[in-house]
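Look at the model below. This report walks through its helices, its core and its surface.

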Amino acid sequence: MKYDKIVEISKERSRQNTETAIRAIEEMLREGEWITVAQLAKKTKLSKATFYKNSEIRTSLDEASITN
């Protein structure tokens, strides 16, 4: 497999993970649940590191914490 294809697959997987995480955050906000990284990791089956390293997810999480 060529390097460009591997990078493309990795970026797509990252985009999907970001969408999954943001949907979970929005759902937890609607339901009035307490939002923690541990709960999100359990709910989405993504690693805790994903929530800390991905800036888009982290921003969404920080905004949810302010509103909640």
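## A threonine among its contacts

Thr18 touches Asn54, Glu56 and Ile57, leaving out residues up to four places away in sequence. Contact here means heavy atoms within 4.5 Å. Thr18 sits in helix α1. Helices are DSSP runs of H or I with at least four residues, numbered from the N terminus. Thr18 counts as buried because its relative accessibility is 7%. The cut-offs are these: buried is under 20% relative accessible area, exposed is over 50%, and partly exposed lies in between, with a 1.4 Å probe and protein chains only.

This is a predicted model, where local features need pLDDT of at least 70 and side-chain atom pairs count only at pLDDT 80 or more, while totals for chains, interfaces and linings use all residues. Residues are numbered from 1 along each chain as its sequence is written, and side-chain values use heavy atoms, with hydrogens and water left out.

## Helix α1

Helix α1 covers residues 3-30, which is 28 residues. At 1.5 Å a residue, it should span 40 Å, and its end C-alpha atoms are 41 Å apart, so the two agree. The expected span is 1.5 Å times one less than the number of residues.

The buried residues of α1 are Thr18, Ala21, Ile22, Ala24, Ile25 and Met28. They pack against α2 (37-44), α3 (48-53) and α4 (55-67). After α1 comes Gly32, with a positive phi near 75°.

## The nonpolar core

How many residues does the largest nonpolar core have? It has 13. Those with the most contacts inside it are Ala21, Ile25, Ile35, Leu40, Phe51, Ile57 and Leu61. Helices α1, α2 and α4 each supply at least two residues of this core. The largest share, 4 residues, comes from α1. Such a core is a set of buried Ala, Val, Leu, Ile, Met, Phe, Trp, Tyr and Cys residues joined through side-chain atoms within 4.5 Å.

Take Leu61. It touches Ile25, Ile35, Val37 and Leu40, not counting residues up to four places away in sequence.

## A serine in α4

Ser60 is part of helix α4. Is Ser60 buried or exposed? Ser60 counts as buried, because its relative accessibility is 15%. Beyond its neighbours within four places in sequence, Ser60 is in contact with Ile22 and Ile25.

## Ile9 in α1

Ile9 also belongs to helix α1. Ile9 is partly exposed, because its relative accessible area is 34%.
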